[in-house]
Amino acid sequence: MNIGGREFDLKNHTYVMGILNVTPDSFSDGGKYSRLDDALFHVEEMIRQGVELLDIGGESTRPGYTFVSAEEETERVVPVIEAVKHRFDVPVSLDTYKAEVAKAGLGAGADMINDIWGLKYDPDMAGMIAKAGVPCVLMHNRKEAAYHHFMKDVILDLKETIRIAKSSGIADDKIILDPGIGFGKTYEQNLKMIQSLDELLGLGYPMLLGCSRKSVIGLTLDLPAAERMEGTLVTTVFAVLKGCSFVRVHDIRENVRAVKMAEAILLAEGAPLPRGKFCL
């Protein structure tokens with residue numbers, strides 16, 4: 001898959017996506033990078049630590065978050081995207097579920113759209129992405145964690161997202177799926193989702209796993225967000241073992257090392273890297 005002019009070998013490597021929240025209220029790092037200079041310094045630091053692409057977001061989507069208008073979100077993210085693309089050679093994903101923000105972000109230089117509502121929030125999003133011809137991350141989400149048969153329902157929800165994407169003209173080779181850890185799921189369902197990633201890979205699309213510092217780790221280990229690195233690293237190694245193509249994380253250096261070690265073990269003595277049921 002080509003993202004921002006760079007080829008990503010999704011069958012043979014798990015890539016580390018770095019999180020850059022330019023928001024005042026994100027659950028883990030709210031307010032730390034809302035100033036442009038701070039954001040750019042952090043990007044430079046992430047690149048030095050081995051990040052392979054960035055995900056820039058201008059609205060917190062933590063539980064109980066405050067809705068931000070498309071205009072305000074655009075004002076937050078566009079200057080940062082422009083500055084990052086001007087100063088650094090790194091692909092940039094824009095984390096938004098609003099077509100208006102996505103269009104402005106792509107105009108500013110973003111290379112990919114990451115939609116936490118899987119094209120189901122804004123009816124204009126799918127067509128806009130298709131017209132732009134860029135890759136997209138489409139996440140599973142629900143307003144409430146109400147399911148008849150959890151994994152079957154999640155798969156049906158993602159199939160509906162894929163149907164929307166393809167009917168709008170988004171090419172198969174531009175789609176990445178995200179199981180949506182922490183979104184529309186209970187604690188137990190989040191654990192089950194991580195355990196069952198290979199079932200989602202059976203849909204035939206590359207997968208992004210985003211567990212970094214999330215409540216599923218905090219509840220399991222009884223730790224605040226700032227102390228959830230070890231738990232995050234476990235989920236990253238699990239992502240490699242299951243065949244995910246991306247992990248979306250805060251702590252770059254440690255997760256890059258975890259991926260490298262896990263892949264080295266899997267590739268011992270020249271064995272092919274197992275990628276679950278994934279086929280692109």
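Predicted model: local features only at pLDDT ≥ 70, side-chain atom pairs only at ≥ 80, totals over all residues.
**Stop 1: helices 5 and 6**

Select residues 150–167, which form helix 5, and then residues 187–195, which form helix 6. The two helices pack at an angle of about 70°, and their axes are 11 Å apart. Helix 5 and helix 6 are therefore roughly perpendicular to each other. To see the contact, show side chains for F150, M151 and V154 on helix 5 and for Q189, K192 and M193 on helix 6. Coloured by class, this contact has four nonpolar residues, one polar and one charged.

**Stop 2: helices 3 and 4**

Two packed helices are described by the angle between their axes and the distance between the axes. Apply that description to the next pair: select residues 99–108 for helix 3 and residues 125–132 for helix 4. Their axes come within 9 Å and cross at roughly 20°. Because of that angle, helix 3 is roughly parallel to helix 4. The crossing in which helix 3 passes helix 4 is right-handed. On helix 3, pick A99, A102, K103 and L106; on helix 4, pick M125, M128 and A132. These residues make the contact. By class, six of them are nonpolar, none is polar and one is charged.

**Stop 3: the largest cavity**

Rolling a probe the size of a water molecule over the atoms shows where empty space is left. In this model there are two cavities of 30 Å³ or more. The largest cavity has a volume of about 40 Å³. Select W117, K120, M139, H140, N141, D157, L158 and T161 to display its lining. Which helix gives the largest share of the lining of this cavity? Helix 5, already visited at the first stop, supplies that share with three residues. The lining divides into three nonpolar, three polar and two charged residues.

**Stop 4: the second largest cavity**

Move on to E59, T61, E73, D95, T96 and Y97, which line the second largest cavity. The volume of this second cavity is about 40 Å³. How many residues of its lining are nonpolar, polar and charged? One is nonpolar, two are polar and three are charged.

Technical notes
Residues numbered from 1 in each chain as written. Heavy atoms only, no water. 1 Å grid on protein atoms, 1.4 Å probe; cavity = no way out; pocket = protein on both sides within 12 Å on 5 of 7 lines; lining within 4 Å. Points joined across faces, edges and corners; volume = space filled by probe spheres on them. Helix = DSSP H or I, 4+ residues; strand = E, 2+ residues; numbered from the N terminus. Nonpolar A, V, L, I, M, F, W, Y, C, P; charged D, E, K, R; others polar. Axes fitted to C-alpha atoms, helices over the stretch in contact; angles between N-to-C directions. Parallel < 35°, antiparallel > 145°, perpendicular 65-115°, else oblique. Left-handed = near helix turned anticlockwise from the far one by under 90°. Contact = heavy atoms within 4.5 Å.
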